[in-house]
Amino acid sequence: MHSEVVASRSADQRDSTRESRNGGTPQLDAVSLAIIQQLQEDGRRPYAAIGKAVGLSEAAVRQRVQKLLDQGVMQIVAVTDPLTVGFRRQAMVGINVEGDVESIADALTDMSEVEYVVMTAGSFDILAEIVCEDDDHLLDVINKRIRALPGVRSTESFVYLKLKKQTYMWGTR
């Protein structure tokens, strides 16, 4: 991997995330992808160690990481187990909408209990992951807040019984 990274770096040393011509999506070079992979393995990995792995100085890694953060390519966060921090009920809620799906998705993103919102093609217009303190809290969010949104036609809840896998290691393909 190191030789691929060095070759890529020499081809485009100055700009790790050129804006593409198709809508401003950053185009990541091999070095930036390698940095992301290093941070996905360990978000607290020192920049010096990342630099050694990808063939850059600590300062260059720091600059690239900041650019990736500023462009919204990645976030560095602490991922908790909801059960250990007081949230005993999780559910995925399928939502069917009449009218503008985006306005409902926007309203859901403003709810603190909603951790994940995706507009879909299929049986539901929207899937929303909800994390709550208990069943009463979940009922309140679904019944009084989600179902009360203008345009929500129906909901179907899938209560989590046991979380077997939660990872954010999908790589950098």
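Me: Quick one to start: what is the bridge partner of Met92 in β5?
Reply: That would be Glu129. Keep in mind that this is a predicted model.

Me: What about Tyr116, which residue is the bridge partner in β5?
Reply: Glu129 again: Tyr116 has Glu129 as its bridge partner in β5, and Met92 has Glu129 as its partner too.

Me: Nice. How do β4 and β5 pair, and over how many bridges?
Reply: They pair in the antiparallel sense, over five bridges, with β5 covering residues 126-132. Two further partners are worth a look: Met119 is bridged to Ile126 in β5, and Val114 stands opposite Ile130 in β5.

Me: Let's zoom out. What is the strand order in the sheet?
Reply: The order is β4-β5-β3-β6, an open sheet of four strands with antiparallel pairing. The edge strands are β4 (114-119) and β6 (152-159), and each of them pairs on one side only. On average, neighbouring strands are turned by 20° against each other, direction ignored.

Me: Is β5 mostly buried or exposed?
Reply: Buried: six of its seven residues are, so β5 is largely enclosed by the rest of the structure.

Me: Changing topic: how many aromatic pairs does the structure hold?
Reply: One. It is formed by Phe124 and Phe158, with ring centres 6.1 Å apart.

Me: And why is that pair edge-to-face?
Reply: Because the ring planes of Phe124 and Phe158 are at 85°, and planes over 60 degrees apart count as edge-to-face.

Me: Buried or exposed, what are they?
Reply: Phe124 counts as buried, at 14% relative accessibility. Phe158 is partly exposed, with a relative accessible area of 37%.

Me: Last topic, confidence. What is the mean pLDDT of the chain?
Reply: The mean is 85, and 84% of the residues reach 70 or more.

Me: Where is confidence lowest and where is it highest?
Reply: Lowest in helix α1 (residues 2-11), at a mean of 35, and highest in α5, at 98. Over residues 1-22 the pLDDT is below 50, and that stretch has 43 contacts in the model beyond near neighbours in sequence.

Notes. Residues are numbered from 1 along each chain as its sequence is written. This is a predicted model: local features need pLDDT of at least 70, side-chain atom pairs count only at pLDDT 80 or more; totals for chains, interfaces and linings use all residues. Side-chain values use heavy atoms; hydrogens and water are left out. Two strands pair if DSSP finds at least two bridges between them. Helices (H or I, at least four residues) and strands (E, at least two) are DSSP runs, numbered from the N terminus. Axes are lines fitted to C-alpha atoms, for helices over the stretch in contact, and angles run from 0 to 180 degrees between N-to-C directions. pLDDT is the predictor's confidence in each residue, from 0 to 100. Contact means heavy atoms within 4.5 Å. Rings of Phe, Tyr and Trp (its six-membered ring) pair if their centres lie within 6.5 Å; planes under 30 degrees apart count as stacked, over 60 as edge-to-face and the rest as tilted. Buried means under 20% relative accessible area, exposed over 50%, partly exposed in between (1.4 Å probe, protein chains only).
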